[in-house]
Amino acid sequence: MNENAANNDTKKPAGQKPKTIAGYLASAMDMEDEISNGVYKDYMDPDNWPAGMDLNVFQEIRKLLTTLIEDTRRHRKIISGLIEKYGEDKAAG
């Protein structure tokens, strides 16, 4: 990879990168929500899978996705605790 490509991969347009602890934590919470509510829950619906999928295969996938959704809930609790402790830029002062 050349130097320009490496620089382009890491630069974000102004205003998109959080600048405060509260901003980073809010961004993390948004990512957890997007993953859980978007990806995982969409795949819990058998209509979002190929037609004719074996029911046992789907049930196994659903079981594992449930684990991921529960993990995401735990992540949200951790991030919420960090927001309570460090959000609103409490750590900046």
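Me: Which residues make the nonpolar surface patch of about 330 Å²?
Reply: This is a predicted model, in which local features need pLDDT of at least 70 and side-chain atom pairs count only at pLDDT 80 or more, while totals for chains, interfaces and linings use all residues. Residues are numbered from 1 along each chain as its sequence is written, and side-chain values use heavy atoms, with hydrogens and water left out. Patch residues have over 30% relative accessible area and no salt bridge, with nonpolar side chains (Val, Leu, Ile, Met, Phe, Trp, Tyr) joined within 5 Å and like charges within 9 Å; a salt bridge is a side-chain nitrogen of Lys or Arg within 4 Å of a carboxyl oxygen of Asp or Glu. With areas from the Shrake-Rupley method and a 1.4 Å probe, only the protein chains shown counting as cover for residues, the patch of about 330 Å² is made by Ile21, Ile78, Leu82 and Tyr86.

Me: Which helix gives the largest share of the nonpolar patch?
Reply: The chain has three helices and zero strands, taken as DSSP runs numbered from the N terminus (helices H or I, at least four residues; strands E, at least two). Three residues of the patch, the largest share, come from the element spanning residues 55–86, helix H3.

Me: Does Tyr86 count as buried, partly exposed or exposed?
Reply: Tyr86 has its place in helix H3. Buried means under 20% relative accessible area and exposed means over 50%, with partly exposed in between (1.4 Å probe, protein chains only). Because its relative accessibility is 32%, Tyr86 counts as partly exposed.

Me: Are the rings of Tyr43 and Trp49 stacked, edge-to-face or tilted?
Reply: The structure holds one aromatic pair. Its rings, those of Tyr43 and Trp49, have centres 5.3 Å apart and planes at 50°. Rings of Phe, Tyr and Trp (its six-membered ring) pair if their centres lie within 6.5 Å, and planes under 30 degrees apart count as stacked, over 60 as edge-to-face and the rest as tilted. The angle of 50° therefore makes the pair of Tyr43 and Trp49 tilted.

Me: With which residues is Thr72 in contact, leaving aside its neighbours within four places in sequence?
Reply: Thr72 lies in helix H3, and at 4% relative accessibility Thr72 counts as buried. Contact means heavy atoms within 4.5 Å. Once the neighbours within four places in sequence are left aside, the contacts of Thr72 are Glu32, Ser36 and Tyr40.

Me: What share of the 93 residues in the chain is buried?
Reply: The accessible surface of the chain comes to about 7400 Å², of which carbon and sulfur atoms hold 53%. Among the 93 residues of the chain, the buried share is 13%.
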